[in-house]
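Okay, everyone, thanks for coming. Let me put the model up and we'll walk through a few places in it.

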Amino acid sequence: MTKYATTLSTRRLPGGLSAPDGKGLTAQVPLRPLTPETLRIALPTERYMPLAAWSIGSIIKAGAPLFMTAQGVIQACPRTVQVTQLVDGMTLSSIPERCQILQLTVLEPSPPTQPCLAPLSSRPDPADLQKRAAEAGLVGLGGAGFPAHQKWSGELHTLVVNGAECEPFLTADERVMRERAPAIWHAIDVLMRAYSLTKCVIVLEDNTPDALAALQTTHPEALQDRDVSFTILESRYPSGAERQLIWLALGLEIPTTARPVEYGILVHNPGTLAALADAIDGYPLTDRIVTVTGPSIISPGVFRAPIGTPINALIAAAGGLQPGDHQVRHGGPYMGWEIPEEAPGMHAMTHCLYAAPAIARTTSPCIRCGLCAEACPVQLQPQQLFAALSHGQLDHAMHEGLAHCLRCGACDQVCPSALPLTDQFQTGLTRQRALSDEAKRADRARERFNARARRLERQAAEAETRRHTRRQQSESALERIRAARAKESI
Ligand code: SF4
Ligand code: SF4
């Protein structure tokens, strides 16, 4: 058995937190498959193309395409269902928007049992692989949910597997690595061959030895001669943030203004790779592994559940909530956000539901202790950003580096004044994005106006040229007539 090189990273995250991790609540609990009686799938808020009959009562087979998003990714139906209702609700995003929710009754509990797409050839062509990923609805399962294949471009040389699930209480990625190690290796092999990648680094934290063992004991023959290695990081939040991870594992700094692929580095989390292996075999993305945890959950656990599983069904499967008032968050305790009442079911990026007692937040003025700056992994001055944004000085906050903020919440965790720092930064960044979108729209409108003015000017000049030519032609004709008459009169 070949052992891949396994090294401990000697680099240390600036700032960050080594908080008690809470992962013990779910790390050793057996994975539980869950199929609810109903599914609630949010339809995209932007342009999309329906691909199934959604009239009330129609039946849709497991794996059949439901709709295609504006980015060209197809969402497959997770189970065989009957359409019950199309209702209004809110998206499950950090800034919820109104949306429509497709409510479905589950008729058969199993996911697609036969491939829904043609299997990929053994010598993968990048174009085939991209098509397969888009048809299977493959999105990045660890982040904002962009189509995974959109990263597969340019001069790529290194694949980084981000298995550093650094936020406390989260164990979904660790479970994927333990349960689906062969699938992860299969996807690594296919990506390395399709894009001629020369190197693969699998990055884990030092608190997931079971995941490391599962991957090391299942490595495939096909990768034995490749440059594949493991890098183990000190368990520290937020070492799993993409740029931080690349620096810790490879020593390469990627500027905030650039994407890792521009430096030839492709980063995927283990869940995305396992889903890619399914897509290669012809199975669309219908399910994911999700942790349901936190001090308010009676029996915390890790579930494999279909996309669209109602939040209440997941919480009920984990024994429900303790008596009292609780706050349920989508995501972990640091980066998660409160779930709106009219939320749809879980989506492909739902890696965790976290519930904790609802505690009224009592804030007090900043005492300039500087703890937030010490905790910040990108060396910002959160207290200054907060002060600037509190006074409506967005430009000043941008000048102070707001765009570099990871919204990791490390500053919130240490602030003795309990100031809502990250909420304020999120609001500022959303405002900045809206202003920048507005400026782009204004630029486009100005460009259209100028293009129209140029076109009218050109048309007027062309009309004037035509008039001038016609005038010249009639004057020449008159000349010729006069000359002919003069000749006749002689
Ligand atoms: S939320 Fe932003 S400012 Fe606060 S610690 Fe994280 S990166 Fe720094
Ligand atoms: S930790 Fe809180 S109180 Fe201390 S400087 Fe930062 S914002 Fe102010």
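So, in which helix is the place of Ala388? Ala388 sits in helix α9, residues 382–390. Before I go on, some housekeeping: this is a predicted model, where local features need pLDDT of at least 70, side-chain atom pairs count only at pLDDT 80 or more, and totals for chains, interfaces and linings use all residues. Residues are numbered from 1 along each chain as its sequence is written, while chains are lettered from A and ligands numbered from 1 in the order in which they are written. Helices (H or I, at least four residues) and strands (E, at least two) are DSSP runs, numbered from the N terminus.

Back to Ala388, then. Why is it called buried? Because Ala388 has 21 C-beta neighbours inside 10 Å. Buried takes 20 or more other C-beta atoms within 10 Å of the residue's own, exposed is 12 or fewer, partly exposed is in between, and the C-beta atoms are placed from the backbone. If you skip neighbours within four places in sequence, Ala388 is in contact with Gln393, His396, Ala397 and Glu400; contact means C-beta atoms, placed from the backbone, within 7 Å. As for Met398, 10 residues away along the chain, its C-alpha is 9.4 Å from that of Ala388.

Now over to helix α6, residues 270–280, where 10 of the 11 residues are buried. Among them are Pro270, Leu273, Leu276 and Ile280. What do they pack against? The buried residues of α6 pack against α1, β10, α2, α3, β13 and β14. Just after the helix comes Gly282, with a positive phi of about 100 degrees.

Next, a sheet. Four strands make an open, antiparallel sheet in the order β3-β9-β8-β5, and pairing here needs at least two DSSP bridges between two strands. The edges are β3 (38–42) and β5 (59–60), each pairing on one side only. Strand β5 is joined to β8 (residues 80–90) by 2 bridges, and Ile59 stands opposite Gln82 in β8.

The chain is divided into domain 1 (5–33 + 122–288) and domain 2 (364–490), with bounds from an automatic or database domain assignment. Their C-alpha centres are 37 Å apart. The contact between them takes 11 residues from each of domain 1 and domain 2. On the domain 1 side, that's 7 nonpolar, 4 polar and no charged. Here Ala, Val, Leu, Ile, Met, Phe, Trp, Tyr, Cys and Pro count as nonpolar, Asp, Glu, Lys and Arg as charged, and the others, Gly among them, as polar.

Key: Contact = placed C-beta atoms within 7 Å.
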